[in-house]
Amino acid sequence: MKKVIIGKEEWCSLPELGLPAIKARIDSGAKTSSLHAFNINTFEKDGKNYAHFDIHPVQGNRKIIQSCRGLVVDKRAVKSSSGDKERRLVIRTPVILGEQSWDIEITLTNRDSMGYRMLIGREAMAGRALIDPNASFCLGEIEEKEAIKHYNVVSHRKSGLKILLLASNPDLYSNKRIMEAGEERGHEMTFVNISQCYMNISATNPEVHYRGGELLENVDAVIPRIKPKMTFYGCAITRQFSSIGAYCLNSSLAIARSRDKLRSLQELSNKRIPMPTSGFAKSPVDTKEIIKMVNGAPLVVKLLEGTQGRGVVLAETNKAAESVINAFKSLNTNILVQEFIKEANGEDIRCFVIDGKVVGAIQRKAAAGEFRANLHLGGSASTVNITAEERKIAVKATKTMGLVVAGVDIIRSKDGPKVLEINSSPGLEGIEEITDKDIAGMMIQAVERNVKKSKS
Ligand code: ADP
């Protein structure tokens with residue numbers, strides 16, 4: 001068979017996936033071919049496995065979405081360009097390059113780090129094509145405008161919901177992903193900086209304005225992602241949006257409740273959700289008793305206002321515990337004294353809960369010489385299979401706080417799983433990377449479901 005000569009980038013077509021024009025990077029350095037896909041799901045039909053997924057076929061254009069389905073032939077661990085291993089579905093489908101067509105295997109990945117929508121590796125080219133790495137578009141170039149025309153008929157989704165992301169930093173991974181996931185699903189997404197909102201509180205006409213005077217109205221939903229320092233103002237704005245009829249993914253009340261560590265533990269205790277035994281006292285006179293209550297040192301002292309592991313201290317002896325506790329008290333700082341779960345070995349589990357379901361979980365391990373597993377303190381994350389009990393506890397804890405979206409931190413003790421804390425704005429980076437799930441997309445789906453419910 002005559003081999004086709006191709007350059008390092010070419011336009012090709014994947015007719016069975018409904019992709020008439022897609023620009024691919026040809027890379028003989030990579031073994032497998034891959035397609036940037038999202039919302040990947042599998043289903044079975046006539047005894048065969050299929051993948052259903054969405055793709056933005058035109059590079060740099062997020063508005064055009066094509067839904068595809070392909071025959072799954074394998075699931076494989078693939079090393080991505082960043083060196084991480086991920087498990088990917090492999091589909092088989094014909095590719096057309098120039099005048100020729102043959103079947104190739106393509107892995108599906110939802111990592112958007114690849115500049116190109118598609119990468120063709122050497123396996124797909126073997127015996128079929130010769131690559132000239134210095135050339136581009138040997139088979140002809142298509143202007144982006146032309147490529148868009150190929151998709152016009154099938155691509156533009158009906159206008160979706162008007163969703164505001166209420167947060168502080170648009171450049172954070174989590175915020176970027178939520179914006180992107182909403183746009184992917186056809187919604188009108190607006191990033192709203194909490195500190196630039198102001199409001200009009202009145203009996204007849206409550207309003208929220210944005211710096212410069214713009215009225216934020218006709219909002220279907222708000223996704224609050226409030227940083228701890230912004231809790232008071234962020235909750236006030238969320239409440240205001242709620243009073244003008246917007247659905248809030250996490251209510252202001254639930255966020256405020258979960259921000260108070262002591263109150264959270266009390267609420268969990270009311271529902272008999274297991275947690276490390278914790279003590280709280282005002283006066284130094286009671287310090288010794290509090291230490292005894294949590295079975296003595298080693299024990300953990302936690303600042304009620306601490307986040308990301310800062311303000312969590314391990315006291316190894318009763319003497320040290322007493323000094324630390326009394327020192328904090330002399331500064332009028334509110335602290336929790338907690339039994340130390342030694343057998344957890346510096347590990348904890350972050351369960352990401354959306355709408356009553358654990359949609360992903362990762363295990364975090366503390367850096368050497370550290371007992372706190374927070375990623376901000378150099379901890380590392382990996383995949384984990386959680387037990388049915390852990391799943392149940394994470395869901396129950398979320399529900400107890402009244403949250404729709406939460407990150408529930410669980411520690412494995414010799415007496416079973418115990419809840420450490422519940423986070424109302426859990427980060428997406430670690431969990432999406434490790435589980436390879438479109439968590440941001442699932443948050444948007446929850447918004448869609450709940451807006452529909454609230455309007456019906
Ligand atoms: P923060 O809200 O600041 O992250 P956490 O209560 O979640 O505070 O504690 C930070 C980390 O310290 C946890 O992720 C866990 O690894 C470790 N840790 C916290 N409490 C205990 C405990 N009682 N026993 C053992 N390790 C703990």
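R350 and D409 form a salt bridge through their side chains, with N and O 2.6 Å apart. This pair connects distant parts of the chain, 59 residues apart: R350 belongs to strand β22 (residues 347-354) and D409 to strand β25 (residues 405-413). R350 is buried at 9% relative accessible area, and D409 is buried at 4%. The model is predicted.

## Other salt bridges

D355 pairs with R449 in a salt bridge whose closest N and O atoms are 2.9 Å apart. D355 sits in the loop between β22 and β23 (357-365) and R449 in helix α11 (residues 439-455), so the bridge ties together parts 94 residues apart in sequence. D355 is partly exposed, at 28% relative accessible area, and R449 is partly exposed, at 42%.

Within helix α7 (residues 287-293), K292 and E289 are three residues apart, about one turn of the helix. Their side chains meet in a salt bridge at 3.3 Å, N to O. K292 is exposed at 59% relative accessibility, whereas E289 is partly exposed at 47%. The structure holds 22 salt bridges.

## Positive surface patch

K271, K392, K396 and K399 form a patch of positive charge on the surface. One of them, K396, lies in helix α9 (residues 388-401) and is partly exposed at 39% relative accessible area.

## Overall layout

The chain has 456 residues, of which 50% count as buried, and contains 11 helices and 26 strands. Its domain assignment gives domain 1 (4-148), domain 2 (162-248), domain 3 (277-340) and domain 4 (345-447). The C-alpha centres of domain 2 and domain 3 are 37 Å apart.

Methods. Residues are numbered from 1 along each chain as its sequence is written. This is a predicted model: local features need pLDDT of at least 70, side-chain atom pairs count only at pLDDT 80 or more; totals for chains, interfaces and linings use all residues. Side-chain values use heavy atoms; hydrogens and water are left out. Patches are made of residues with over 30% relative accessible area and no salt bridge: like charges are joined within 9 Å, nonpolar side chains (Val, Leu, Ile, Met, Phe, Trp, Tyr) within 5 Å. Accessible areas come from the Shrake-Rupley method with a 1.4 Å probe; for residues, only the protein chains shown count as cover. A salt bridge is a side-chain nitrogen of Lys or Arg within 4 Å of a carboxyl oxygen of Asp or Glu. Lys and Arg count as positive and Asp and Glu as negative; His and the chain ends are not counted. The place of a charge is taken as NZ of Lys, CZ of Arg, CG of Asp or CD of Glu. Helices (H or I, at least four residues) and strands (E, at least two) are DSSP runs, numbered from the N terminus. Buried means under 20% relative accessible area, exposed over 50%, partly exposed in between (1.4 Å probe, protein chains only). Domain bounds come from an automatic or database domain assignment.
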